[in-house]
Amino acid sequence: MSDHGCIHLNNFKAAKGIQPYKVIHSYFVTSTSAEARVRKAVSCLCHTCKTYKDRLHSCLHCIFFGCYVKGHIQEHAKTKKHFLAVDLSYGNILCFQCGDYVYDRELLAVAKSQWSESAKSLSLGEFYRAWEPTQIEAELLRKNPRRRRIVENSTIGLRGLINLGSTCFMNCIVQALIHTPLLRDYFLADRHHCPQPSRCLVCEVSHLFQEFYSGSKAPLTLHKLLHLIWTHARHLAGYEQQDAHEFFIATLDVLHRHCEAAPILVKDNPHHCNCIIDQIFTGGLQSDVVCQACNGVSTTIDPFWDISLDLGPAAGASGSDSSGPPTSLLDCLERFTRAEHLGSSAKIKCSNCQTYQESTKQLTMKQLPIVASFHLKRFEHSSIQDKKISTFISFPEQLDMTPFMSHRRNGNNNSASLDALPKNGEDTAFSDNRYCLFAVINHEGSLETGHYTAFIRQQRDQWFKCDDHLITRAKLKDVLTSEGYLLFYHKQILEYGRNSKM
Amino acid sequence: MKTAPHQRLVMAGDRDVLKELLRRRLVECGWRDQVKIICKELIKENGQDITYDTLLSMVTSRARSLVPDSVKKELLQKIKNQLMSQEESLKM
Ligand SMILES: [Zn+2]
Ligand SMILES: [Zn+2]
Ligand SMILES: [Zn+2]
Ligand SMILES: [Zn+2]
Ligand SMILES: [Zn+2]
Ligand SMILES: [Zn+2]
């Protein structure tokens, strides 16, 4: 099997060109349009036995479809002396004279571009294709023959970060971002193409990934990153200690703004942005306000990058189920998604009965992000005093978000609109909502003299503690018994589908 | 003409979408790499000139048995859902 065809295919191409292949391929293999899909559905049956499966082939010389398993395409080739056929599942060419499939570069290029076209017509980004080096990449590989095999206890990807004077809040956020699996895949695949590299935070993060995975172990300084964030998020400028959560959100915001000069607008994405940050971090929060007089529901859905969770005792909890302060992440989430009475002093005009009424409000997860970031509100700021809540809040290694989904929690799947009908690849009944912990940021010590550190997961189940320039091995138990300020979970199963996030 | 379920899946593009999901799941779980290694070894043992059909007959049952149950289950469920929602929209 070579990639320059065979004499028979070459003769055929010399006589008839590549048009016959192009037509068959675009209609019956890839189906590059809705019209082609209809034709494929109706006509792709074996002309002899009427099956639609069993390795259906199309004759390249005439309009004949035949299956291979029961020998009907072979029969046709023999009686008509039409010795070339196209496999209708994969688009490969079978030469009966050579007795095998043959590959031809020119036709492979046609196939490749038609697969892309087909994916586009289905609003899928691109079909999966195994990585093939481009000419430049092949050249780079030749010039750099040293390869590194990643073994089980490899520490590649780990580097300490120098503290530039209370910049531990930045260091720990950078560690969490660098160890976000999908973000790493994006940057190591060199996917950011930039209009303005010198002022771009995404480029700087891209550069950081290169540094982290260069194999060097010396700690890094983040001067440039800090400078870029200061210029683009002025409220964070200055060397004093900052809140890691605020810094995290500001960083996502700057990255999102720099991601693409012209953001791609995608209708289904609540943030109306399809940049890598929104693809990974954006979820949709549903808010249902229910009028107590007429039970009319008004629903809104807002995008979020993280969920901030209260730790104090539930204030004004509705009626009998007033409970003590939460002791676990699940408690917090249960409380976050509980229907809450807005009180008699906060009457809202109901859009249904048009009068001012008392109402309840409930928040639920309409669409889950790939990375779920939870912020435990340990810092209480009030006019009297600022204080830190250091109570232990347990959090699991594996988290299932199913109980907090909109359709589960309140039965309201936003059924007022047709959008709620299950779309392709998005069926609420089967969706898997399990997450796995991959980073935890801790605030140690008091409000004034505190210090931030991070636990990060590397290579599936290895944990490390990042304390500025120091990286040490940690046990899962250390992670799960730590205080926890920001918790980062990664979705275990990714959905692929039309207009879906990936 | 009455269209068969299979034809409806092709027409709506669902078949391509489901096939892509399957492809990605098989890549994710390492199935693709496993099968690639098996094929490479068979080619080494049997020589470069081994035909596609011979390779296929030696690899198919092994490759099938390597597909994780979770992947089969997910695909089955999704095909079912897709056909059911098509049925629903036909009724409307
Ligand atoms: Zn047949
Ligand atoms: Zn023919
Ligand atoms: Zn030939
Ligand atoms: Zn850039
Ligand atoms: Zn964005
Ligand atoms: Zn009302």
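In which helix of chain B do B:Arg24 and B:Glu20 both lie, and how many residues apart are they? Both lie in helix H2 (residues 14–28) of chain B, 4 residues apart, about one turn of the helix. Helices (H or I, at least four residues) and strands (E, at least two) are DSSP runs, numbered from the N terminus.

This is a predicted model, in which local features need pLDDT of at least 70 and side-chain atom pairs count only at pLDDT 80 or more, whereas totals for chains, interfaces and linings use all residues; side-chain values use heavy atoms, with hydrogens and water left out. Residues are numbered from 1 along each chain as its sequence is written, while chains are lettered from A and ligands numbered from 1 in the order in which they are written.

**Salt bridges in chain B**

Display the side chains of B:Arg24 and B:Glu20: they form a salt bridge with an N to O distance of 2.8 Å. The term denotes a side-chain nitrogen of Lys or Arg within 4 Å of a carboxyl oxygen of Asp or Glu. Both residues are buried (under 20% relative accessible area; exposed is over 50% and partly exposed in between, with a 1.4 Å probe and protein chains only).

Next, select B:Arg25, which is buried at 5% relative accessibility. B:Glu28 joins B:Arg25 in a salt bridge, with the closest N and O atoms 3.3 Å apart; B:Glu28 itself is partly exposed, at 40%. B:Arg25 also forms a salt bridge with B:Glu74, at 2.8 Å between the closest N and O atoms. Because B:Arg25 lies in helix H2 and B:Glu74 in helix H5 (residues 69–91) of chain B, this pair ties together parts that are 49 residues apart in sequence.

**Zinc sites in chain A**

Move to the zinc ion (ligand 3), coordinated by A:Cys6 (SG), A:His8 (ND1), A:Cys95 (SG) and A:Cys98 (SG) at 2.0 to 2.3 Å. Donors are N, O and S atoms within 2.8 Å of the metal (3.2 Å for Na, K and Ca); water is not among the atoms, so sites may look incomplete. The angles among the 4 donor atoms are 105 to 114 degrees, and the site is tetrahedral (four donors with all angles between 85 and 135 degrees).

A:His76 and A:His82 are both buried.

Terms used:
Four donors count as tetrahedral if all angles lie between 85 and 135 degrees; four count as square planar and six as octahedral if opposite donors are over 155 degrees apart and all others between 65 and 115; anything else is irregular.
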